[in-house]
Amino acid sequence: MLIALPWQLSAQDQLSLKGVVRDAASRSPLPGVSVSVKGTTRGVSTDAEGKYAISAAAGAMLVFTYVGYDKKEIPVSTQTIIDVALQQSATGLNEVVVTALGIERKTRSLGYATQQLDNAAINTVKDPGANIMNTLSGKVAGAVITPAASGPGGAVRVVLRGNRSISGNNNALIVVDGVPIDNTMSTEKNGGGSANTISTQPKSISSGYSGSDGAASVNPQDVESINVLKGPAAAALYGSRAANGAIIITTKSGKSGKLAVNYNGGVSLDQPNMLMKFQNTYGSGSKGQAGTRAPASWGAPAQTYSDNVRSFFNTGTAVNNSIDISGGNDKLRGYASYTNNAISGIIPKNRLERNTLNLRVAAEILPRLTTDVKLTYISQDIKNKPRLGDQGVANEAYLMPRDLSKDSLNHFEGTDATGQPYPIYWTNSTTFQNPYWDVYRNMVDESRNRIMLMGSAKYRLTDWLSLQGRYSLDRYDDKITASYYNGTVAFPVQPGGRYLEAYVNHWERNMDLLLSGSNKLSGDFHVSYNVGGSILTSKGYNSQALANGLSIPNHFNLMFATAPATTNTTVQKEIQSVYGNAQLDFRQYLYLDVSARNDWSSTLPSPYSYFYPSVGLSAVISDMLKMPSWVTFGKVRAAYTQVGNDADPYMLLQAYYYSVGAGGGFVSRDNTKSIYNLKPEQTKSWEVGLEWKFLNGRLGLDATVYKNNTINQLLNVGLPQASGFDDQYINAGNIQNKGLEIMLTGTPIQRKDFSWNTSVNFATNSNKVLYLKDGVDQIGLSSATNFATVQARVGGKYGDMYGYAWQKDPKTGQYLIGTDGLPVVAQNQYLGNFNPDFTLGWNNQFQYKKFSMSFLIDGRVGGIVISGTDALLASYGVADYTTQYRNGGLVLPGVLADGSANTKSIDAEDFWTKVSQGGRDAWGQFFAFSATNFRLRELSFGYDFDFDQKLVKRARLSLTARNLFFLYRGKSVLDIPGMGKRTLPVDPESALGTSNYQGIEAGLPPAVRSFGLNLNVSF
């Protein structure tokens, strides 16, 4: 008896529990549900059939959590089979999300707006651009997603709640597993590397290359969920970099239980979707006369080739294969994955090859000590990056004469007496060349190796207090090579050719310590708190060697440089921080949040410090008051915050440069004057919102009203020549953003075999420049003046564009016409703003038994795009609308300067060559288009297979499509008399890069439409 008793107690302490977790409404099993024993590190996840098995003591509490569902806690008694039904989190009662610093919070307790996406929202329809940020388009209220049109692996601009900073970064912070990552774009416009500061990014329509970014390194298959913290209040604890909001990415981790293996494979075909409409009547020449070597298509009627431009672009392919394995026990859990992406773009020879290896191990070292270590390695190669801009490869294809055959186009080079190739072009030009010469004889390649390491150790000091230490390292090494054969005209290429090598090294190390606690103060009051500190150190190095001119033609090696040139850039920065937050709740329906953070930045003058607090309040009205039965959940919230922001390094002291020369060389002073009294930029923000659920959660409303003011902007202003400087940085400005975000969710149909879930998101943002500086009423976002200038003017909006516009007679209001019968223009006129007035998205999911279907329609309303591409098409007479008035007869309605009516007849060539100004510096108003557009962005059909065998548990096969077609695309702003309105020829959501220079495009490739087949198999 004495021997048996301890054994019996042990058996009672550890019961073997099992069961099935299902959806409460559909009764279908839920795979991947996290099942854990509360207060321990023991946990498993359900298999493909929703089954789980775990051991726990009688009296313990089992916790069931799943993204998109309410958390459920069930006490353990003597029953060993525990089946569970989870409610979808439409009720909003107990849903848990990951917030700042990786802290999990119930959504009911948050005083600010967030929006969460699960893995299915990210991976059901894959993005052909291979950047996870593109999958957010149309799904997040208040997010404006703008991809750089640089092919696979291109960077993406993500702006939440409007642009705040005139010369700084407006992109949202990207955080992976609680650790911010560097997300700057890698490649400068001339093909070299970036020093990883916003100031090095392209800011004009000049020909250039857009690079990759940090978000492109995140493997979507490894992502468990994404939580979007839209405002500064939500992300304040992340410090200055989160002033623009934050994208919180949580990746998958191992679960206790049997070994699980998952395979995901897919292939897609990517077609050039929105190719411009070309005229197919007239050949090369001028004034209706044929010209065999004429550059433009203003000639006589001729045999044309309707597919000559289309024949240049390929049908791209994307092949993605991923496998992951997970498993473990109560003490040790692991997750490992490998993903290969092989993507060919629509530009010939443009290709991305990416390999991602991810390892993650969590362990309970001691009864109270747990560790979590993750290592991610990415190897990425992008070949033949397409050149964008006014001399871009796409423009070279667009402007080819309409009577140029495909065979003539393919004849792009010859061989000289020495055996070296030389370009063959259909005309004489010092600006453009045959596009095939560019893709086969000029190369810009980007190779990246990136390591992201994260390790944390957490010790539970007591049941209510824990201490966590965390270390992270984000490092990448880029090698960028650019080779241009002798005879290339896009850049100044000296005899022999041009070759560039650039090496970019960037690493960012973060160490933080976080003390977290939770205490019950009384029967009604509860407090939780976090106090911590961190040290962020970042270093960047860019070494670039240029050989413009080679002693041995077309031998691309720096040893053959006739005039070698090297540059080196070093960037180093450190931020030390302390922070804390506390949440007091009353009966779990009234929550008060207070947080504070102080940063010391090495880029600021002594004492290097800036402080910012935040406060939030959340009240669950439905728990406080008796509500009608049709009200399931009701909550109101409010938050106020103040967020600081530092600056790029090396602005406090005057910069000097050394260059090689006679004797000991030369030292020159930077033409930008330093700012010794630099102040941190500040954003003050408030928001109020509500979240209500009705009809047992089948109808939901989430709405937020917000206002942000960003002051102490870092602005660059010109100086008089007598000062000895060209310009200087100053602290000034007040940019205001205010707006409304609405998210509607509903389940119109919920039956045993059929369900329909739908959601609509709407967001509008109003921006205003309240103040710049005494005596300064406008600041340019770029020095570029082609087509228009992008400016911030007092009383105007961020992103206003000014340029040449058709002048009107002040007396009659009619257009002014010159004596030549052509428009009279005035410069520096307001043309429009590149920001949308509002955005809209409609997402739908249907489930019938094992069949599923989903589609997403989204759009933007308002804003303009000035199209340099359209200006070039007009100038060269290749656009379809240039066929009107080829033989003359166009009399523009309007008046001359003396008030008399215009009677001068002109032809199409006269008009379009005049207003396009050669196609590279056109009068902006004539090529301004509404950016309003609606499209069917995503469509998928899937079928789930269940297998009653040990090897294969389940599989899913799906057909997908992305960017299927436009429901509407914007028209030209100017209704040219006698010509009518034209349709925007490019994708209004694409751009030359991810900097603040937006709204003006030139040489963008066609938009891509993708059709895919995906297979998921669980073993």
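Colleague: Is Ser456 buried or exposed, and at what relative accessibility?
Modeller: Ser456 counts as buried; the cut-offs are under 20% relative accessible area for buried, over 50% for exposed and partly exposed in between, with a 1.4 Å probe and protein chains only. Bear in mind that this is a predicted model, where local features need pLDDT of at least 70, side-chain atom pairs count only at pLDDT 80 or more, and totals for chains, interfaces and linings use all residues. Residues are numbered from 1 along each chain as its sequence is written, and side-chain values use heavy atoms, with hydrogens and water left out. The relative accessibility of Ser456 is 14%.

Colleague: Which strand holds Ser456, and which residues is Ser456 in contact with, leaving aside neighbours within four places in sequence?
Modeller: The strand is S26, residues 442-460; helices (H or I, at least four residues) and strands (E, at least two) are DSSP runs numbered from the N terminus. Contact means heavy atoms within 4.5 Å. With neighbours within four places in sequence set aside, Ser456 touches Thr370, Thr371, Asp372, Gly469 and Arg470.

Colleague: How far apart in space are Ser456 and Arg470, C-alpha to C-alpha?
Modeller: In sequence, 14 residues separate Ser456 from Arg470. Arg470 is also one of the contacts of Ser456. From C-alpha to C-alpha, the distance is 4.2 Å.

Colleague: Why is helix H8 largely enclosed by the rest of the structure, and what is included in its cover?
Modeller: H8 spans residues 868-875, and eight of its eight residues are buried, so the rest of the structure largely encloses it. Among those buried residues are Gly868, Asp870 and Leu873. The cover includes helix H4 (393-398), strand S47 (864-867), helix H9 (908-916), strand S48 (928-930) and strand S51 (1000-1001).

Colleague: In what order do the three strands S47, S48 and S51 form an open sheet?
Modeller: Two strands pair if DSSP finds at least two bridges between them. The pairing in this open sheet is mixed, and the order is S48-S47-S51. As for the edges, each has a single partner strand, so one side of each is left without a neighbour in the sheet. Those edge strands are S48 and S51.

Colleague: How do S47 and S48 run, and what is the bridge partner of Val865 in S48?
Modeller: Strands of a sheet pair through backbone hydrogen bonds, either parallel or antiparallel. S47 and S48 run antiparallel, joined by three bridges. Val865 has its bridge partner in S48, and that partner is Phe929.

Colleague: What kind of ring pair do Phe432 and Tyr876 make, and how far apart are their centres?
Modeller: Rings of Phe, Tyr and Trp (its six-membered ring) pair if their centres lie within 6.5 Å, with planes under 30 degrees apart counted as stacked, over 60 as edge-to-face and the rest as tilted. The structure holds 34 aromatic pairs. In this one the planes stand at 85°, so it is edge-to-face, and the centres are apart by 6.2 Å.

Colleague: How many residues apart in sequence are the parts that this pair ties together?
Modeller: Phe432 is buried at 2% relative accessible area, and Tyr876 is buried at 15%. Phe432 sits in the loop between strand S25 (421-423) and helix H6 (435-441), while Tyr876 sits in the loop between H8 and H9, so the pair ties together parts whose separation in residues is 444.

Colleague: Are Asn554 and Gln588 buried or partly exposed?
Modeller: Asn554, in the loop between strand S29 (525-548) and strand S30 (564-586), has a positive phi near 65°. Gln588, in the loop between S30 and S31, has a positive phi near 55°. At 10% relative accessible area Asn554 is buried, whereas Gln588, at 45%, is partly exposed.

Colleague: Which peptide bond is cis, and what is its omega near?
Modeller: The bond runs from Ser606 to Pro607. Pro607 lies in the loop between strand S31 (590-601) and strand S32 (609-620). Omega of this cis bond is near 15°.
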